[in-house]
Amino acid sequence: QVQLVESGGGSVQAGGSLRLSCAASGYTYGNKCMGWFRQAPGKEREGVAAIYTGGDFTYYADSVKGRFTISQDSAKNTVLLQMNSLKPEDTAMYYCAARVWAGCHPSLEFQHWGQGTQVTVSS
């Protein structure tokens, strides 16, 4: 039974920072693809970042490039998303997801999803 639990969301002012965490149980991150996605009301779901835990590969959406950093803490079976220089347009529900099959990119199918954590950025 795979469970992904996000934490670290909250409300911040524009220019502030948050760090999101995704803790996995019934699952280990070694040689796996983990992703962060977000969805705001009335908007399409957007792939924010992804990491292949068995190598050096990371992906970032253009909208967050240079501001967000995805990383892993393998000892804690946790994936992190450090978000700096936050903008109001970053406001969304953020979801952690895991891909079971080969390949790592947000355009691919992710099989396991967390319940999400809300990020709100005020002007």
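The disulfides of this chain follow the pattern 1-3, 2-4, with the bonded cysteines counted along the chain. By the rule used here, a pair of cysteine sulfur atoms within 2.5 Å, the count comes to two disulfides. Bear in mind that this is a predicted model, where local features need pLDDT of at least 70 and side-chain atom pairs count only at pLDDT 80 or more, while totals for chains, interfaces and linings use all residues. Residues are numbered from 1 along each chain as its sequence is written, and side-chain values use heavy atoms, with hydrogens and water left out.

**Disulfides**

- A disulfide, for the record, is a covalent bond between the sulfur atoms of two cysteines.
- Cys 22 and Cys 96 make one of these links, with their sulfur atoms 2.0 Å apart; at -75° about the S-S bond, the link is left-handed.
- That pair ties together distant parts of the chain, since Cys 22 is in strand β3 and Cys 96 in strand β9, 74 residues apart. Strands here are DSSP runs (E, at least two residues; helices would be H or I, at least four), numbered from the N terminus.
- Cys 22 comes out at 0% relative accessibility, so it counts as buried, and Cys 96 is likewise buried at 0%. The cut-offs are under 20% relative accessible area for buried, over 50% for exposed and partly exposed in between, using a 1.4 Å probe and protein chains only.
- Cys 33 is joined to Cys 104 by a disulfide with an S to S distance of 2.2 Å, and with 75° about the S-S bond this link is right-handed.
- This pair also links distant parts of the chain: Cys 33 is in strand β4 and Cys 104 is in the loop between β9 and β10, 71 residues apart. Both Cys 33 and Cys 104 are buried.

**Nonpolar cores**

- A nonpolar core is a set of buried Ala, Val, Leu, Ile, Met, Phe, Trp, Tyr and Cys residues joined through side-chain atoms within 4.5 Å.
- The largest one has 28 residues, and the members touching the most others are Met 34, Trp 36, Leu 81, Met 83 and Tyr 94.
- At least two residues of this core come from each of β3 (18-25), β4 (33-39), β5 (46-52), β7 (68-73), β8 (78-83), β9 (92-99) and β11 (117-122).
- A second, separate core has six residues, including Phe 37, Ala 97, Cys 104 and Phe 110.
- Setting aside neighbours within four places in sequence, Tyr 94 has contacts that include Leu 20, Trp 36, Phe 37, Val 48, Leu 81 and Val 119. Contact here means heavy atoms within 4.5 Å.

- Searching the whole structure turns up two aromatic pairs. Rings of Phe, Tyr and Trp (its six-membered ring) pair if their centres lie within 6.5 Å; planes under 30 degrees apart are stacked, over 60 edge-to-face and the rest tilted.
- Phe 37 and Phe 110 pair edge-to-face, at 5.1 Å centre to centre and 80° between the planes.
- Phe 37 is in strand β4 and Phe 110 in the loop between β9 and β10 (112-113), so this pair bridges distant parts of the chain, 73 residues apart.
- Phe 37 is buried at 3% relative accessibility, and Phe 110 is buried too, at 6%.
- The rings of Phe 37 and Trp 113 have centres 4.8 Å apart and planes at 50°, so this pair is tilted. Trp 113 is in strand β10, 76 residues away from Phe 37.
- Trp 113 is partly exposed, with 29% relative accessibility.
- Phe 37, Phe 110 and Trp 113 form one aromatic cluster.

**Two more residues**

- Ser 21 is in strand β3 and is buried, with a relative accessible area of 17%. Leaving aside neighbours within four places in sequence, Ser 21 is in contact with Val 5, Glu 6, Ser 7, Trp 36, Thr 78, Val 79 and Leu 80.
- Asp 62 is in the loop between β6 (58-60) and β7 and is exposed, with a relative accessible area of 75%.
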